[in-house]
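Have a look at the structure first, then read on.

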Amino acid sequence: MTGADSIVLSLAVPLATVIAILLVSTIIYGKKKGGEGDSKLPPGDKGWPIVGSTFSLFKPHPATTLGDFLQLQLSRYGKIFSTRYLGKTLVISADPEFNRFVLQNELRLFQNDLPPHFKKILGAGNLPFMAGETYRNTKSLILGFFNSWQIHSRFLAEVEEAVKRVMTSWRQKSLILANEELSKFFFNLAVERAIGMTPDDPEVEELRKAFISANDGLYTVPLSLPFTPYTKALKAKDFIFSIVKREVEDRKLNSDKMDEEENDLIWYYLKNNPSMSVKSICDAVIGFIFAALFNTQISVALAMYFLGQCPESLQQLREEFKQKMNYTHTKAKLTWDDYKNMDFCQSVINETLRFGNIVPGLWRKTLSDINFKGYTITKGTTIMTHIEAMHLDPLAFENPNIFDPWRWLAIKKSNNWMPFGGGVRHCSGSEIARMEIAVFLRHLVLNYDWDLVEHDHPIAFPLVTFPKGLPIRIYPVREKTPQTSL
Ligand code: HEM
């Protein structure tokens, strides 16, 4: 069974329940159209009573396209429109100016707006659920962990060593389910960095599966019935919490070793914020692993997919990797300068994040009435800043439905490009994620060619996934290019 099949099956019961609600509500209320009664709201189709446009909004579609619903609404109503989502008004914006305004005024005029069950799975002591001083302090603490010294000197070397190991293990394989391999690779990196557990620990794989179950529970209807994905997610969360708690308590008991061993996130929190409770550390560490896990993994899978479909870009990337290193010293380690000077690699990453649309949109709630371009969005309204719609806007990117890394050599940056969000909640791991993607691609591209074993395509479901797991065949390129790592 593929990943997508299992998601479809796991969603079946909750979706059936919601469909039943939809039918009953339709009979009672009839279908409501237009924006009567709230004339200053952006225009839009309110969809069906209670569920509104929920199903249309989350209908799976190729991640490299807008999907029918968004395409239609944007052409009918323009870049800001309103609809209804699970009984509430939802304003969707593809307008870069408005979206920047929303993200930059977080904590003042807007606040994060995630469904309540997210808090139960991720834990209340997690950045997305914090506001005010608590948020600012916790965010600056985590940014300290990622300060550039850490990324330059320690993380770059760690990632390179880990990628070399995985490339060596791929030598024994010819067929690979890339998504699964990447999931293990990036999970291992995140878990070692967060709680110090290494891949040879048998508990690590159990933990990875628990994180996947917990993550599946986020994007489902939160029904606490036996065997629903939500119930499984809560159980998985309890298991994750118990392991992390054990690690935190163990460190507390061994705090005399702090100076010599302080190299994971638990030690970092214990040293830099000794008053933090065990529960807060556990929540923060679990949140870090969630944030680090899926996005980087799927970015590399997407890059492999796009490069595989565009041989010229793969060739140019390989040439750049070869030129930027002195290949008489094939064992030489990648330096920060090498990484920063790989312009085409940076362009491939930008274009992958634009075209792959890993985070389709960010959810916020208005803290007061907001006036923008003649519209009034009342206090308490949910807004989705639609990143995907900005990334695929033909006015911002010529031929937006084509993977074209060369465009970034000309434009360098764009107001429509926001894969890491913006404002105070801008992704804390953006720099490290870019570095990890670059290092992985460098070793992959210099060592292997690959092609798809069977057709697969990234689908937004709502998170981006490859329904068949991206099955690829890999070939060493030893005869064509000097080896870097093996
Ligand atoms: C390509 C990979 C990644 C993408 C596309 C990505 C994207 C994002 C986005 C869009 C947000 C903003 C969420 C919001 O405004 O509601 C975010 C937040 C965050 N990301 Fe990332 N991320 C990536 C990798 C990472 C990694 C590797 C880490 C950690 C090692 C990380 C840690 C975080 C954290 C801690 C936040 C919360 C920031 C806050 O609420 O203030 N991310 N990420």
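## Around the ligand

Cys427 sits in the loop between α18 (407-411) and α19, where helices (H or I, at least four residues) and strands (E, at least two) are DSSP runs numbered from the N terminus. Bear in mind that this is a predicted model: local features need pLDDT of at least 70 and side-chain atom pairs count only at pLDDT 80 or more, while totals for chains, interfaces and linings use all residues. Residues are numbered from 1 along each chain as its sequence is written.

The UniProt annotation "binding site", from an unreviewed entry, covers Cys427; such annotations may be inferred rather than shown by experiment. Leaving aside residues up to four places away in sequence, Cys427 touches Phe420 and Gly421 (contact means C-beta atoms, placed from the backbone, within 7 Å).

Cys427 is also among the residues that come nearest to the ligand, along with Ala291, Asn295, Gly421 and Gly429, out of 24 around it (near means a C-beta atom, placed from the backbone, within 6 Å). α13 (278-309) is one of the helices that supply at least two shell residues each, and its six residues are the largest share.

Phe227 and Leu470 are not glycines, yet each has a positive phi.

| Residue | Phi | Loop between |
|---|---|---|
| Phe227 | about 70° | α9 (202-218) and α10 (229-253) |
| Leu470 | about 55° | β12 (464-465) and β13 (471-476) |

Which of these is buried or exposed? Phe227 is exposed because it has 9 other C-beta atoms within 10 Å, whereas Leu470 counts as buried, with 27 C-beta neighbours inside 10 Å. The cut-offs, with C-beta atoms placed from the backbone, are 20 or more others within 10 Å for buried, 12 or fewer for exposed, and partly exposed in between.

How values were computed. Contact = placed C-beta atoms within 7 Å.
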